[in-house]
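Thanks for coming. Please have the model open.

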Amino acid sequence: MSLHRLSGDGVALLLQTAGDPAVVHFGADPGALPGRESTGPVLHSNYDHPLSMPLWPQASAGWAGTPLLEGGRGGRDTSVRFTDPEVRRGDSQLVLTATDAEAGLELETTVELLPGGLLRLRHALTNTGDAGYEVRALNTMLPVGQQATELLDTAGRWSRERSEQRLPFVTGTHARTGRRGRTGHDAPLLLAAGTPGFAHRRGELWAAHLGWSGNSTVFAERTADPSRALGAGELPGTGEIVLETGQSHTGPWVYFAYSPAGLDGVASRFHTYLRSRPGHPRRARPVVLNTWEAVYFRHDLDELVSLAHAAAEAGVERFVLDDGWFGSRRDDTSGLGDWQVSGQVWPEGLVPLISRVNELGMEFGLWVEPEMANPDSALATDHPDWLCRARGDRLAPTWRNQHVVDLTVPEAYTHLFTALDAVLTDAAQAGAPISFLKWDQNRDLTDLASAGRPSQHGQTLAAYALMDQLKAAHPGLEIESCSSGGARVDLGVLEHADRVWASDSNDALERQHIQELTQRVLAPELVGQHIGPATSHTSGRTHALAFRGITALFGHFGLEWDIREARGADRATLHQLVGLYKKHRGLLHSGIQVRADLGDAAFSLYGTVAADGGEALYAFALLRSSEGAGPGVIALPGLQEEKTYRVRAIVPGREPGTFIHREPPAWLEDGFTATGSYLSTVGLALPALNPERAILLHAEALEAL
Ligand code: DGJ
């Protein structure tokens, strides 16, 4: 039996494993299989065998597109032929192994069907030859349906991560190569191929994500053969991955999702899988206050205690002290790398602040950036050899006045572990524990090298290892992956971190887009989303508190401004927003994420529906002025047809200027009752909002009331 099937949650992967393993199908589960295969024709002016989409695309088998493997031994053994795999089968896993004895290589491919119907694949290559073998590329590809004629992925920059780009799936390779040494603000978090105009809940699509935080390629490829495929792999530098005899290299997981019903279907597969992981954060996600935009580098015990009081009063549960607590770090030109509490600004150490924070009922978190150093630091001065140098004495140009510390140098790694471990241990021993690290990484790592050899692979693995080692030494410690905002957001780092910081933009309007795109892959509880100051520090835009609060609500909610400024009505609204998060976080962090496809993109309607359909919370926002006189009747996606729901509007703070009407819709005060079927087909006449305003809609099934 050489046809293998992995199927579940409406998805199937059919693999023909005799000879050259071929992907017969990846997509909707076809149910019962026919008695024989429908092999294609042998074409004119072509190979003398029918063409199929290989699991292992190899030139040696006639593949002319992007190959599985590129590498060699100084020009030898560049042609490799893996065929006739041995197949081991688990419940939802296939492991295929093959040997090319002449080339001196062994390949092992693991294919897993994950909870939620997400698929992931990775390859491991072992050198069995008698000389070093250099791996230049080890790619993973799966075919998509011929009906997938449109591509969608994300670009971006600092404070505008994950901006969407759509393009036709034409012949050739659309490759998104990342050579920043980190995932990058511009990384394609998701590369999707689908039917024309596929949208939130419309269209059939396939999507790929690479779980790796270093250099990478994610690509869509269409050839005349004919095939359309999505693929991804790590992008090692020249001479970076050289396997000595007996050594193996395992590539990162590449995740593939199929959805018959738009991007919501893809998100649901990723979220279900992420939530099934043993290490997924299960404890209620605490309300965070991060001090960065409140005080920046102005660290002062009295000021921060006063901020902590305001935070506790507002209902905050985790207080995070950002950059500036260590060494000579009074601004971003000095001290980075010196992980000792600054005696200048913290003469009695951090314990007085942490204790006060704890007494106020909050956990304490601390900012670190272990992978970097300012040239003006003890680390850089005492150990110049620990800074990454591409060649001789040549350091990469500075970025935010900093260089990259070479974590692949064992002494540098150990020094960093020891220093950070001491900060955590000292605090714990003083009865003032630090339970959260905001782990930053504030520059690109282009031309990254160790001892003159490219080192993005080792550097990335060492950063992961440092996170793991600190967590192992301090059970319960949580880590946030931050990288100049959201430049390290991927499922690779999320095997080691507990949430990501999506962006340095706390402008609610920008955040609406950034969070939507981030949550196409990440479950909302993994995405840090904070209410920033009224006037955004990055964009200069001013937004009402309810819009900022509703925008932050559908994720891991927090505050990032000097909330002592919130007085009068704003203070009451802030309390209400924190209360809403606490009341609904169980739903928001376990439910199914939905987004409506609306004719007018000025409007946005999204939400979370409980897995049992018992309730749902939606945000309805007007992002810019709309051409229409009002939103009209809008359907609420995701409700269970047979249930009857009461829908109530929640208007935090009832802020003036939220609505534009002479009279509100009649149901706005008392709610509206209808079946799920009615609400998700006909819908509800929604209120007319002013631009950059939002309200919440809470739908509760009547039997649950
Ligand atoms: C960049 C981060 O994204 C910010 O939130 C803040 O932590 C600064 N670094 C601190 O330097």
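Arg166 is partly exposed, at a relative accessible area of 38%, where buried means under 20% relative accessible area, exposed over 50%, and partly exposed in between (1.4 Å probe, protein chains only). This is a predicted model, in which local features need pLDDT of at least 70 and side-chain atom pairs count only at pLDDT 80 or more, while totals for chains, interfaces and linings use all residues. Residues are numbered from 1 along each chain as its sequence is written, and side-chain values use heavy atoms, with hydrogens and water left out.

What does Arg166 meet in a salt bridge? The partner is Glu150, at 2.5 Å from N to O; a salt bridge here is a side-chain nitrogen of Lys or Arg within 4 Å of a carboxyl oxygen of Asp or Glu. Glu150 lies in strand β11 (residues 150-157) and Arg166 in strand β12 (residues 160-168), so this pair ties together parts 16 residues apart in sequence. Helices (H or I, at least four residues) and strands (E, at least two) are DSSP runs, numbered from the N terminus. Glu150 is buried, with a relative accessible area of 17%.

Over the whole structure, the search finds 41 salt bridges. Another of them joins Asp29 to Arg5, with the closest N and O atoms 2.6 Å apart. Asp29 sits in the loop between β3 (22-28) and β4 (69-72), and Arg5 in strand β1 (residues 3-8), so the parts tied together are 24 residues apart in sequence. Asp29 counts as partly exposed at 30% relative accessibility, and Arg5 counts as partly exposed at 23%.

Next, Arg654 and Glu669 form a salt bridge at 3.5 Å, N to O. Both Arg654 and Glu669 are exposed. There is also a network: Arg283, Arg285, Arg318, Glu363 and Glu478 are joined by salt bridges that share partners.

Now the helices. Helix α3 (residues 301-314) packs with helix α4 (residues 351-359) at an angle of about 15°, and their axes are 10 Å apart. Axes are lines fitted to C-alpha atoms, for helices over the stretch in contact, and angles run from 0 to 180 degrees between N-to-C directions. That makes α3 roughly parallel to α4, since angles under 35 degrees count as roughly parallel.

Which residues make the contact? From α3 they are Leu301, Leu304, Val305, Ala308 and His309, and from α4 Pro352, Leu353, Arg356 and Val357, contact meaning heavy atoms within 4.5 Å.

Technical notes:
Angles under 35 degrees count as roughly parallel, over 145 as roughly antiparallel, 65 to 115 as roughly perpendicular and the rest as oblique.
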